[in-house]
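Dear colleague,

Please find the structure below, handed over for your use. My notes on it come after.

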Amino acid sequence: MTDPTLPSSARVIIIGGGVIGCSIAYHLTRLGWRDVVLLERHQLTSGTTWHAAGLLTTLRDTEAQTKLAKYTQDLYRRLEAETGQATGVINCGSIQLAQTPEKALEMRRGLAMAGCFGVEGHEISRAEVKALWPLADVSDLAAAFHFPNDGRVNPTDVTQALAKGARQGGARILEGTPVTGITSANGRVTGVLTAAGPISAEVVVNCAGMWAREVGRMAGVNVPLQAAEHYYLISEPIAEVHPLLPILRDPGNSAYIREEAGKIMLGLFERTAVPWGLPRIPEGFAFGEIPPDWERMAPYIERAMRRVPRLLETGIKLLFCGPESFTPDHNYLMGEAPNLRNFFVAAGFNSLGILSGGGAGHVMAEWIAAGHPPMDVWSVNIRRAYPWQDNDRYLQERIVETLGIGYQDHWPFRQWETARGVKKSVLHDRVAAAGACFGESAGWERPNWYARAGQTPEYAYGWGRQNWFANNAAEHRAVRERVGLFEQSSFAKLLVQGRDAAAVLNRIAAANVDVAVGRCVYTQFLNARGGIEADLTVTRLAADRFLVVTAAFTQTHVEAWIRDQTPAEAFSLVTDVSAAYAMLNLQGPAARALLASLSPDDFSNAGFPFATAREVRIGYQTVLAVRLTYVGELGWELYVPTPFALPVYDALVAAGAAHGMQHCGYHTLNSLRMEKAYRDWPHDIGPADSPLEAGLGFCIAWDKPGGFVGRDALVRLREAGPLARRLMQFRLEDPEPLLYHDEPIWRDGERVGITSSAMYGHTLGAAIALGYVSVPPGADDGALTAARYEIATGGARVAATASLTPLYDPKNARIRR
């Protein structure tokens, strides 16, 4: 149904009439927003929603996505009664199948995590699978897991129900109204252009699905996604098939199987996909199909059919191929654009739009209305994306891998294989020659570990000790006992300067950064609710110049946060200088002696105290040295102008031999910091975590002039009494098991939390984890740490020692010596 009257203005304009756009419109009206206009280029659902499989499977890869999926199920089940529009919900449940012991362990871990979020699931036997799905071949199964509350839905019907609910709430939906442009002024969106005329708006939301990248470009906003061919087949009718058969998710065969009107639908997420819509999506594409490539898909189809052998002797009624859009990291793109205020994006759902649509609409509506999301959604926040990702070749090559990644083994430390080598530091070839095995972060090739002579620097994945475990142990010991060299040029380096720079940063940072020139401050940027938006260091280089250093993957977010929090009248400018400097991090008890052997400058504790910075000479070069550590040892970060990087590196390596220096990778950085209980954003701390809960109260400058963003919320939390949750450090009492993250934490037989990060601690001799736990009423620190703790490691629980202070060097003696 089309409203023939084009309004001249609206409070919010939503671009795209798929399930996501209609869900946002529905949820905004439930918040009391009436002046909502949804513009659809053709007809509702005509992009990719109409051909979706409609699966409602709850367990996802992350906490945020699992919560979105759970909310979606609950919404769809009540939507028909609320709107009068059928949704086609069938409460059939789902079964996940594991063909290997490794996949079984992965799924047991997922099942344990799901329980923490209120998702019901049970491990079941082969016989129980056969009872639930009599036509299934279960002979090759290592394990299976039943989720009784999962189901499926009719995608078109549920979208129409959301649209009907939105209209009932006052929203207007205009079909046949393509958007041709986005207008903006002073860094803020002001409306859209259509063939029928312009519409002004306070807020614009890009829900254009596989067209979202094109719409983003109209606004100058990066929306990195790419369409790909996506297949399912429909069999001829099979007598024993009925609607209540559970959905079979069969990752070993890259497939899912469900009933479809007395037939079987078999969907495929093949390991190697094919991008579509090159160089652009055909004009007027709607309710469109792609001619199927039978030859390419035949091996996948035959293999997947073996799960239900009857399919091998049943005719295929339809092999359907339709486009779906995928993102470079297989996570959604949601939230306000980092470079255009009030321009929001909700796209790139990686063929999971139906099962996340309700939750995505809820989160986006709250985000638009309140100015922040109602939960921690960093894993899907568009501010994790980078401008360089808007590159045709990069997206086309990465999406080949992205489509099927959800059905592959989710190994710990797994690295992307496609579209690699986007960014390399000037030292890349040097560390490669030293044996570096590279991982990727924010496009950077970074040394994760170093191979020994004769060892191939490649991962051999598994849930146990991987092939680099001994390498990590040797690197770890080198830092604790001698000295290690970390190549960390990927870190983002932002120069904040101007006469108001000190005032601006001091308002944003929770710590006092208005310090003497040459001082370095570890601090957090907080939101108005007291949650941690960034965790970084600020070094004062001059009265009006500061260096902000943050992890590479947070650069877009941190840079946008500083700009958003800078008053329009302030004389303060932020500039990305990341490429101007390499960063070499020298850590360990022999770091001082090594540097002293190369430089005439004073590196003594008195002459170069902790948390200070100064220029030092190394050979012919002058570099900025900052005495900091993220590993719990004596050390300096060396910021080297890029033209000087190679000779400085060579000098360090040559002189390092006499001091037992060893190259160290990011895995070792992680194992060292875990022993010291140093927090990692966004795993251990994030937008929904306060510094008080995270044990970072020592970073807060409560009484600095002018206060800081988030102070009022922290004061309320402090005055409310004992904290309800706290971050603790754990050490397994058994030295053999490994921990990674998202393992349930048990206290005195009760589940009280979940690990946020973990790594093996080679000095402490066991796996180390951080995790938040609920605090019993009246429990003091002693009672909290003295309780009996266990951590679930894939089915078994292992006893653990808990601590509120670092288990390694709690008095920081090694750092300040």
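Predicted model: local features only at pLDDT ≥ 70, side-chain atom pairs only at ≥ 80, totals over all residues.

Residues are numbered from 1 along each chain as its sequence is written, and side-chain values use heavy atoms, with hydrogens and water left out.

Helix α1

Helices (H or I, at least four residues) and strands (E, at least two) are DSSP runs numbered from the N terminus. Helix α1 covers residues 19-30, twelve residues in total, and reaches 16 Å from its first C-alpha to its last. That is close to the expected 16 Å at 1.5 Å a residue, where the expected span is 1.5 Å times one less than the number of residues. Buried means under 20% relative accessible area, exposed over 50%, and partly exposed in between, with a 1.4 Å probe and protein chains only. Because eleven of its twelve residues are buried, α1 is largely enclosed by the rest of the structure. Among the buried residues are Cys22, Tyr26 and His27. Gly32, which follows α1, has a positive phi near 95°.

Glu229

Glu229 lies in strand β12 (residues 226-235) and counts as buried because its relative accessibility is 11%. A polar contact is a pair of N or O atoms within 3.5 Å; within protein, one must be able to donate a hydrogen and the other to accept it, and residues adjacent in sequence count only if both atoms are side-chain atoms. The Glu229 side chain forms such contacts with the side chains of Tyr231, at 2.9 Å, and Arg296, at 3.4 Å.

Glu487

Glu487 belongs to strand β21 (residues 483-487) and is buried, at 6% relative accessibility. Its side chain makes polar contacts with the side chains of Ser489, at 2.4 Å, and Ser425, at 3.5 Å. The C-alpha atoms of Glu487 and Glu637 are 9.9 Å apart, although 150 residues separate them along the chain.

Ser325

Ser325 sits in strand β16 (residues 316-326) and is buried, at 7% relative accessibility. Contact means heavy atoms within 4.5 Å. Leaving aside neighbours within four places in sequence, the contacts of Ser325 include Met210, Leu225 and Phe349.

With kind regards
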